[in-house]
Amino acid sequence: MIELQNIYIEKAEDKVFFKADCLIDNQLQVLWFSTDIANEKYISTSNADAFILFIFFYAVFENLEFKSNVPVSKRLKFGLLEVLLPAFQEMGFKAQPEQFSFELEDDSLYPEATAVGTAMSFGIDSFYTLIKGNGSIQKLNYLTLFNAGAYGNYGGDKAKELFDAMKNRVDTFANQNNLGFAWVDTNLNETFRFPYIQSHTFRNFACVLVLQKLFKTYYYASTFSINDFRLTQSDPSNYDLLNSKAISTNSLEFHITGLIENRIDKTKVVSSNEISYDNLNVCLVTSDYAGASLATTAKNCSKCEKCVRTMVTLDILGKLELYKSVFDLNIYAKNKNKYLAHLLYKKYRANYVFSKDIFNEAKVRNYNIPAKAYYLASMRVFQPIVRKLKH
Ligand SMILES: [Zn+2]
């Protein structure tokens, strides 16, 4: 049983904390979101939506009762109980409407909320959303960064350090591009432990709901295309379109970007806009602790899976040279055949969708794949068989 008792604001130095007292199995826990003190005026205290959204999903996943003594936005209550709960039941979760008690409803409207925001992580999805948002009828004017699990599943010191380093980078980038910037930190990851991959949409949306007097629209980058829409317990990305429809308040809407385009299409859009040339950071290695605290600009290792995939794509698109300040093009030149072989291998061996798209594009553009790459790929395909024969 989880009971949300009250919400309140506390200030500490340059931060403001939006807190909630919560009974979890009769133990009092203090939950919080925090943000820069300058954002205090944007925090909506007429409802506990941010906490309720996060806890609602936890309660569904763990099949627990959840009672809130603090109001919830009427629109959000509708979305959670009448749109998403039936979908969760369809996925096989056992939760029933009777488990949720949200008696107090909030009808507040926040007409002062005018910002249109999205997250910035300097990857392809972020830049794609930024570039599309810049040209949108609902023009993007705010960037965000949330410590809701992306920097370590369960929070902790390492996640905080990485988060602080990223905060400086996004803040600088936002300033350079005349965009607002807001960060939100939270201890909900540490309190409710469940895997990030199964819950990322809800965690990130919850952070947006803290700032209901700021945001009227929030863009969230899709991981999968609409063709992969699926109700599954393993990853909300598969049903983000439904999440964006259900999770809404009286004044705030979420939109999923890039539902139609594949990764090649997104990379095309990104690579035709100079905003990404000195800032793209797709790397799995340098986005980790050491790299991030050292780097003020994006540096990619040019060797990891995501670097390889992105560099090969940019090369096929004829745009790799434009990214010479963020990728090591010497490493690429030396290893190009190996990288192509790796992606070819994954295409044939694992039916890897990114590889398929990459080589389709190569074909369309008459991009020459050297015989050496095919040879190296075939060596990898036969390797397990050779190994078996030796024994
Ligand atoms: Zn890398």
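Student: At what angle do the axes of helix 10 and helix 11 cross?

Tutor: The axes of helix 10 (residues 305–316) and helix 11 (residues 329–350) cross at roughly 100° and come within 10 Å. Each axis is a line fitted to C-alpha atoms over the stretch in contact, and angles run from 0 to 180 degrees between N-to-C directions. Helices (H or I, at least four residues) and strands (E, at least two) are DSSP runs numbered from the N terminus. Bear in mind that this is a predicted model: local features need pLDDT of at least 70, side-chain atom pairs count only at pLDDT 80 or more, and totals for chains, interfaces and linings use all residues. Residue numbers start from 1 along each chain as its sequence is written.

Student: How are helix 10 and helix 11 oriented to each other?

Tutor: Angles under 35 degrees count as roughly parallel, over 145 as roughly antiparallel, 65 to 115 as roughly perpendicular and the rest as oblique. Helix 10 and helix 11 are therefore roughly perpendicular.

Student: Which residues of helix 10 and helix 11 meet?

Tutor: On helix 10 they are Val308, Arg309, Met311 and Val312, and these meet Tyr332, Tyr339, Leu340, His342 and Leu343 of helix 11. Contact here needs C-beta atoms, placed from the backbone, within 7 Å. By class, this contact has 7 nonpolar residues, 1 polar and 1 charged. Nonpolar covers Ala, Val, Leu, Ile, Met, Phe, Trp, Tyr, Cys and Pro; charged covers Asp, Glu, Lys and Arg; the others, Gly among them, are polar.

Student: How are helix 10 and helix 12 oriented to each other?

Tutor: Helix 12 (residues 353–364) packs against helix 10 at about 15°, with the axes 9 Å apart. That pair is therefore roughly parallel. Helix 10 contributes Arg309, Val312, Thr313 and Ile316 to the contact, while Phe354, Ile358, Glu361 and Ala362 come from helix 12. The contact of helix 10 with helix 12 divides into 5 nonpolar, 1 polar and 2 charged residues.

Student: Where else does a residue other than glycine have a positive phi?

Tutor: Asparagine 26 is one, with phi near 65°. Aspartate 25 is another residue that is not a glycine, and its phi is positive at about 50°. Aspartate 25 lies in the loop between strand 2 (15–24) and strand 3 (27–36), and asparagine 26 is found in the loop between strand 2 and strand 3. Aspartate 25 counts as exposed, with 9 C-beta neighbours inside 10 Å; asparagine 26 has 7 and counts as exposed.

Student: Is glycine 133 buried or exposed?

Tutor: Glycine 133 is buried, with 22 other C-beta atoms within 10 Å. This glycine lies in helix 3 (residues 124–134). Apart from residues up to four places away in sequence, glycine 133 touches Val116, Thr118, Lys139, Leu140 and Tyr219.

Student: And which residues is phenylalanine 254 in contact with?

Tutor: Leaving aside neighbours within four places in sequence, they are Phe205, Tyr218, Tyr220, Ser244, Ile247 and Ser248. Phenylalanine 254 lies in strand 12 (residues 253–257) and counts as buried, with 22 C-beta neighbours inside 10 Å.

Technical notes
Contact = placed C-beta atoms within 7 Å. Buried ≥ 20, exposed ≤ 12 C-beta atoms within 10 Å, placed from the backbone.
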